[in-house]
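Please look at the sequence and the model below before reading on. The text then goes through the structure part by part.

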Amino acid sequence: MSVEGGNIVITSKSLNGFSEANFDLAVLRQKMSRPVELDSNLATNLKNLTRPEDPWNTTIGKAMCPDDFHEGQGRLDGAFSDYRKADKIAYLNKLHQNGVRNIEMEAVIFGALTHHAGIRVVIQPCLIN
């Protein structure tokens, strides 16, 4: 299912640029990997707050969160794009088949840090433009 502009996606799972639910960071010059966990019950509860008369559709889906805005998102309009449009489309189709409905850059680190702190979270709804 594609999400048209003007609709909302509630993020149920955040994936890094390798489609993994973890956040890698450097701690005292050591690579540390923290799992990214969001609360699927909270996502469902939030979706259940929607009303039939809302002027938008709300869906629950995964978010892919790359490390950069251009190449990591498969954009062709940046300073670098060492791939073709066909490569980009194949990449986006694979993400879509994996349940990704949104691309943004914050949900992975947010989900990893809140999980590490023992805080249950869901990523606030994202309006798709």
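The paragraphs below go from the overall layout to single residues.

This is a predicted model, in which local features need pLDDT of at least 70 and side-chain atom pairs count only at pLDDT 80 or more, while totals for chains, interfaces and linings use all residues. Residues are numbered from 1 along each chain as its sequence is written, and side-chain values use heavy atoms, with hydrogens and water left out.

The protein has three helices and six strands. Helices (H or I, at least four residues) and strands (E, at least two) are DSSP runs, numbered from the N terminus. Read from the N terminus, the order of the elements is β-β-β-α-β-α-β-α-β. Along the principal axes, the C-alpha atoms fill a box of roughly 45 × 40 × 20 Å. The protein has 129 residues, of which 32% count as buried. Here buried means under 20% relative accessible area, exposed means over 50%, and partly exposed is in between (1.4 Å probe, protein chains only).

UniProt, in an unreviewed entry, places the feature "domain: Nucleoside phosphorylase" at residues 3-123. UniProt positions are given in the numbering used here, feature names are shortened, and annotations may be inferred rather than shown by experiment. In the model, the span of residues 3-123 is 26% helix and 28% strand, and its end C-alpha atoms lie 17 Å apart.

Is Ile 10 buried or exposed? Ile 10 belongs to strand 1, which covers residues 8-16. Its relative accessible area is 1%, so Ile 10 counts as buried. Ile 10 and Ile 60 are 50 residues apart along the chain, but their C-alpha atoms are separated by 4.7 Å.

The loop between strand 2 (22-27) and strand 3 (30-35) holds Leu 28. Leu 28 is exposed because its relative accessible area is 78%. Its phi is near 50°, a positive value in a residue other than glycine. Arg 29 is found in the loop between strand 2 and strand 3 as well. Phi of Arg 29 is near 65°, again a positive value in a residue other than glycine. With a relative accessibility of 81%, Arg 29 counts as exposed.

Leu 28 also takes part in a nonpolar patch on the surface, formed with Val 27 and Met 32, and the three have about 290 Å² of accessible area together. Patches are made of residues with over 30% relative accessible area and no salt bridge; like charges are joined within 9 Å, and nonpolar side chains (Val, Leu, Ile, Met, Phe, Trp, Tyr) within 5 Å. Accessible areas come from the Shrake-Rupley method with a 1.4 Å probe, and for residues only the protein chains shown count as cover.

Next come the charged side chains. Side chains of opposite charge can pair when their charged atoms come close. How many salt bridges does a search of the whole structure find? The search finds five. A salt bridge is a side-chain nitrogen of Lys or Arg within 4 Å of a carboxyl oxygen of Asp or Glu.

One of them joins Lys 31 and Asp 24, with a distance of 3.9 Å from N to O. Lys 31 is exposed, with a relative accessible area of 69%, whereas Asp 24 is partly exposed at 34%. Another salt bridge joins Arg 84 and Asp 87, whose closest N and O atoms are 3.2 Å apart. Arg 84 is exposed, with a relative accessible area of 56%, and Asp 87 is partly exposed at 32%.

Arg 51 and Asp 54 meet in a salt bridge at 3.3 Å, N to O. Arg 51 is partly exposed, with a relative accessible area of 49%, while Asp 54 counts as buried at 12%. Together with Glu 53, Arg 51 and Asp 54 are linked in a network of salt bridges.

Which residues form a negative surface patch? The patch is made of Asp 67, Asp 68, Glu 71 and Asp 82. Lys and Arg count as positive and Asp and Glu as negative; His and the chain ends are not counted. The place of a charge is taken as NZ of Lys, CZ of Arg, CG of Asp or CD of Glu. Glu 71 lies in the loop between strand 4 (58-65) and helix 2 (85-97). Its relative accessibility is 36%, so Glu 71 counts as partly exposed.
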